[in-house]
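Subject: Structure handover

Hello,

Here is the structure we talked about. Please open it alongside this email and follow the notes below.

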Amino acid sequence: MDPVARVLVVDDEQQIRRALTINLRARGYDVDVAKTGEEALEIAARCHPDVVVLDLGLPGIDGVEVIRGIRGWSQVPIVVLSVRETETDKVAALDAGADDYVTKPFGMDELLARLRAALRRATPGAEEAVIETPDFGIDLASKRVTRDGEEIRLTPTEWHVVDVLVRNRGRLVAQRQLLQEVWGPQYHDETNYLRVFMAQVRRKLEPDPSRPRYFITEPGMGYRFELPD
Amino acid sequence: MARGKLRIYLGAAPGVGKTYAMLNEGYRAHERGADVVIGVYETHGRESTAAQARDLEVIPRKSIEHRETTFEEMDVDAILARKPERVLVDELAHTNVPGSLHEKRWQDVEMLLDAGIDVISTLNIQHLESVNDVVEQITGVKQGETIPDEVVRRADQLELVDMSPEALRRRMAHGNIYPAERVDASLANYFRLGNLAALRELALLWVADRVEENLQAYLEEHGIEGAWETRERVVVALTGAPGGDVLIRRAARMARRAHGDLVGVHIRPTDGLAERSPELLAKHRQLLDDLGGVYQEIAATDVGVALVNVAKAERATQLVLGESRQSRMTHLIRGSVISQVLRAADSIDVHVISTTGSEEDPAGVPLVRRRSPGITRRRQVAALVVAAVALPLVTLLLDVLREQLSLPSVLLIYLLVVVAVASIGGFLPAAMAAIGGFLLGNYFFTHPVHTFTVADDDNLVALIVFVIVGAVVGDLVSRVARRRVQAAQAQAEAETLARLSGTLLSEQDPLPALMVGLRSAFGCASVAVLRRDGDEWHIESSAGEPVPQRPEEAQVSVPLDAETTLAVSGSGLGASDLNTLRAFTGQLSLAVERRRLRAEAATAEGLVEANELRTALLAAVSHDLRTPLASIKASVTSLLQSDVTIATASRTELLEAIDAETDRLNNLVGNLLDMSRLQTGALELVWRAVGFDEIVPAALQSLGDPAARVVVEVPETLPRVNADAALLERAVANLLANALRASPPDRPIRIFAGATPGRVELTIADEGPGIPVDQREEVFRPFQRLGDRPDGDGVGLGLAVARGFVEAMHGELTIDDTPGGGASVHVAFPVAT
């Protein structure tokens, strides 16, 4: 069986490395491991992984520095896995170029889902144009949203927001990224726009807008479109 | 000839009955047999008024042509010629038509008075010069005819013809005052009730000599703008000399009686040499303030002239001075301030008041007296010696040259000696030298020679001039010397101040430097800044010995602020130094304040640091707790996956990881608890004598398999130590765990024990990287690794707890190098007794 993808796991904790390795190998991934930031940069350069799982608190150079180092030459998806949970830490990692952020302790399912989403972004064209959820259906090609067979009208901006999130389904879309894609490059701090439009989208599509299942807010980071399994 | 008496009937407005009253009075006098004539009277067509004239003699008016109109004015000449006893002259403020004897009728009246004729006259309040503008503000009508207040004030009798405004308006309405056609307009304008009331008030007040303050109140109450300045102003001269309080009180009384203002003026001499006491001056200033006076301070050279100038600028009417304390001699030579003031005062009344009633004791007041006389006694003696030597020598020399020199030349040479002596010793030696020169010159060089008689007047003049010139030069020299010394003193004070200001700017905590500076500047034994703390005083900063412990112990104490006081002791601190000292206190206050602020800033900094440390500790604890949790959760969720099958070997691995991480977590939680027990002092010790040989195996066992590589050399024969067995075991286990982590897996750990007299020591030696000397204390600090950076795995709590335990049991824990590399930890306890 050809490997699904090549993953670089960077963590100073042996037990985490071991658990991840066991899981990823069982799913057919090729796994490289690194214990320090320096080692991570070296292996990334040598082995060209398809996705990187990165701890931030590393001996030697810090995880954020590792992200910057990799971003210097590669757009490989990077999923951060860290005990740091403050917004400042998250934004710092995302700004440095991380694609997603998972806080420790984490469930293996969740991490694997994020890894898959990250990998999907890295291989464009493979995405389906029609997404069906138990509550509504989205046709990205014809720009139509249907609920119980009836079409739901979205304003152009609402559609744009939905489009960006669905195309990146399962992945974190940072606030800044969403603003710039929908409103334009000069927008990056107007996060209140996002709150307003996300609320409208949820009212139109979510079965229970106050407990969103599909359009998830990642506080301080951005938004994510989740597809239930 | 006696001057005539002037009686004025003053009214608030036209029509109150002044003329009536005047005529009535005249007639009564006439009835009593007095020679009364009517100089001039205006009835304004009022019949009742005209009727009052009855059969009084009327001096016919004089006709004066002006611009083709005929005017009738009082015929002063005719009255003077008639020379009655008494004359009635209506409307004192009347302006005569041009071409008359005088411009104003009151000038005519003055003339009549001067001629010894009594005058009865009338006047409306609005014509008074001083109230003219007020009346204009009240009534809106400008009065062209005014009369100086002086004239009216001088009147022997002033009678107010009063009528209530309502009655006056009634009279008006009945046509008793103006012809019917003018009544309405008048009632609506000038004769408005308010106007009349105000004018009446004004007249009453003026008469009662209480015009100002009440009118001011009236004006304010009625919102009438503009101040009315006719106040009496009393200026009192303040010198800061004892007895000033008497002056101020007297001046205040004068001002109060006159309902005037009180102004205190202190003339600060520009040479800065006058005798004055700042304490007294400040006291006087306070008194002045209490009595409602205003204080002014002006620098001037000429005190008397300056005082008068200020008084004039203040429009003072009275100037109060204290009796001079100068000696009669000083008066003669330098003139007195009082005579200066009297000469310059012009119209201002000058009161010179004796200050003998003062409670202020001149002797008890630190009168500022400059200590330095300018010329020292030594210089005076030296000058006298020079005079005693030079005068005979010069005489001998002149005797030789007698034929070639005239007396003036001889005296000039003597004068040279006198000037030289003066320049050395000042006035006294110079005067003595001059007299000596005079006598020598007289005896040896004037005819008849060798007698003290002088035959020639010319020579006598020369001799006298010689003595005077000598004395004057001597005086000048000593004065110059004195001023130079004073200037030097002032400069020294200024320099000291400047230097201390510099200290204040440049030093972080300038207080100690200021103390030292202060002590040396005033040459005192010790200075201190004391801070009050309830009833206690403690020393904030000091210099010199012995330090005064309380302000009472000090010779001089000056409060700096509510809590701090400057205490100076053991000094010849003169009164003049108090000035400088006072200037210092400002600096000291600043320094004290700065010290307080710095202390506060340090506290705040400490709090910030403590806060940062706490945040870092929290981050570290959360990392240390979450890391094993993350491993456990990752392993457990892996095992829960249903979509893939995990090989048995891998499953075992995951389960082992869970097991190990759970132990790690438990260990960490235990250490955290221990740490908090240590820090809160909640540690309960069970003391007993234990041997290391019991402890070490238990510790090894708690560490499990990894401890297999520990080499144990702990003899059972060692003395036992007093300790809590459980805590000691935990301490040793922590130390072993640390050593196992630090040391490479293939190198052994050695644990051995030995006894020295009275002590038993356990050593744990690893062959890891070792701990540099400068970090050996740091590693014992809890979470010395901040944040989640795992620099040296697990060095979080283990060592801190170990040391905490050992020290709680009165043991000692130290680190040094293992011979050949690595770290050795020594645990030492005293032998159990």
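Start in chain B, at Ala390(B), which is found in helix 16 (residues 377-400). Please keep in mind that this is a predicted model. Is Ala390(B) exposed, partly exposed or buried? Ala390(B) has 19 C-beta neighbours inside 10 Å, so it counts as partly exposed. The cut-off for buried is 20 or more. Now look across to Val418(B). In sequence, Ala390(B) and Val418(B) are 28 residues apart. In space, their C-alpha atoms are 9.5 Å apart.

Helix pair in chain B

Val418(B) leads on to the next item, as it is one of the residues through which helix 17 of chain B contacts helix 18 of chain B. A word on the description: two packed helices are described by the angle between their axes and the distance between the axes. Helix 17 covers residues 407-425 of chain B, and helix 18 covers residues 427-445 of chain B. Their axes come within 8 Å and cross at roughly 160°. That angle is why helix 17 of chain B is roughly antiparallel to helix 18 of chain B. The crossing is right-handed.

Which residues make the contact? From helix 17 of chain B, they include Leu407(B), Leu411(B), Tyr414(B), Val421(B) and Gly425(B). From helix 18 of chain B, they include Leu428(B), Pro429(B), Ala433(B), Gly437(B), Gly441(B) and Phe445(B). By class, the contact has 14 nonpolar residues, three polar ones and no charged ones.

Sheets in chain B

Next, the strands. Strands of a sheet pair through backbone hydrogen bonds, either parallel or antiparallel. Four strands of chain B form an open sheet in the order 15-14-17-16, with antiparallel pairing. Which strands stand at the edges? They are strand 15 (536-544) and strand 16 (556-559) of chain B. Each has a single partner strand, so one side of each is left without a neighbour in the sheet. On average, neighbouring strands of this sheet are turned by 20° against each other, direction ignored.

Strand 14 of chain B spans residues 526-533. Eight bridges join strand 14 of chain B to strand 15 of chain B, and the two run antiparallel. One pair to click on is Ala528(B) with its bridge partner Ser542(B) in strand 15 of chain B.

Further along chain B, go to strand 21 (residues 749-756). Four bridges join strand 21 of chain B to strand 19 (residues 710-713) of chain B, and these two run parallel. Glu713(B) stands opposite Phe752(B) there. Strand 21 of chain B also pairs with strand 22 (residues 759-765) of chain B, this time in the antiparallel sense over seven bridges. Ala755(B) stands opposite Val760(B) in that pairing. Strands 21 and 22 of chain B form a hairpin with two residues between them. In the turn, Gly758(B) has a positive phi of about 85°.

Chain A

Chain A has eight helices and twelve strands. Of its 229 residues, 38% count as buried. Among contacts in chain A with a separation of 6 or more, 56% are between residues 24 or more positions apart.

Some backbone details deserve a look. Most residues other than glycine have a negative phi, and most peptide bonds are trans. The peptide bond from Lys104(A) to Pro105(A) is cis, with omega near -5°. Pro105(A) sits in the loop between strand 5 (100-103) and helix 5 of chain A.

Lys143(A) has a positive phi of about 55° although it is not a glycine. It lies in the loop between strand 7 (137-139) and strand 8 (144-147) of chain A. Lys143(A) counts as partly exposed, with 13 C-beta neighbours inside 10 Å.

Asp148(A) is not a glycine either, and has a positive phi of about 50°. Its place is the loop between strand 8 and strand 9 (150-152) of chain A. Asp148(A) is exposed, with 8 other C-beta atoms within 10 Å.

Where the chains meet

The contact takes 21 residues from chain A and 24 residues from chain B. On the chain A side, helix 1 (14-26) and helix 5 (108-122) each supply at least two residues. Which helix of chain A gives the most? Helix 1 of chain A does, with eight residues. The residues on the chain A side divide into ten nonpolar, four polar and seven charged.

Best wishes

Key: Residues numbered from 1 in each chain as written. Chains lettered and ligands numbered in written order. Predicted model: local features only at pLDDT ≥ 70, side-chain atom pairs only at ≥ 80, totals over all residues. Axes fitted to C-alpha atoms, helices over the stretch in contact; angles between N-to-C directions. Parallel < 35°, antiparallel > 145°, perpendicular 65-115°, else oblique. Left-handed = near helix turned anticlockwise from the far one by under 90°. Contact = placed C-beta atoms within 7 Å. Nonpolar A, V, L, I, M, F, W, Y, C, P; charged D, E, K, R; others polar. Pairing = 2+ DSSP bridges. Buried ≥ 20, exposed ≤ 12 C-beta atoms within 10 Å, placed from the backbone.
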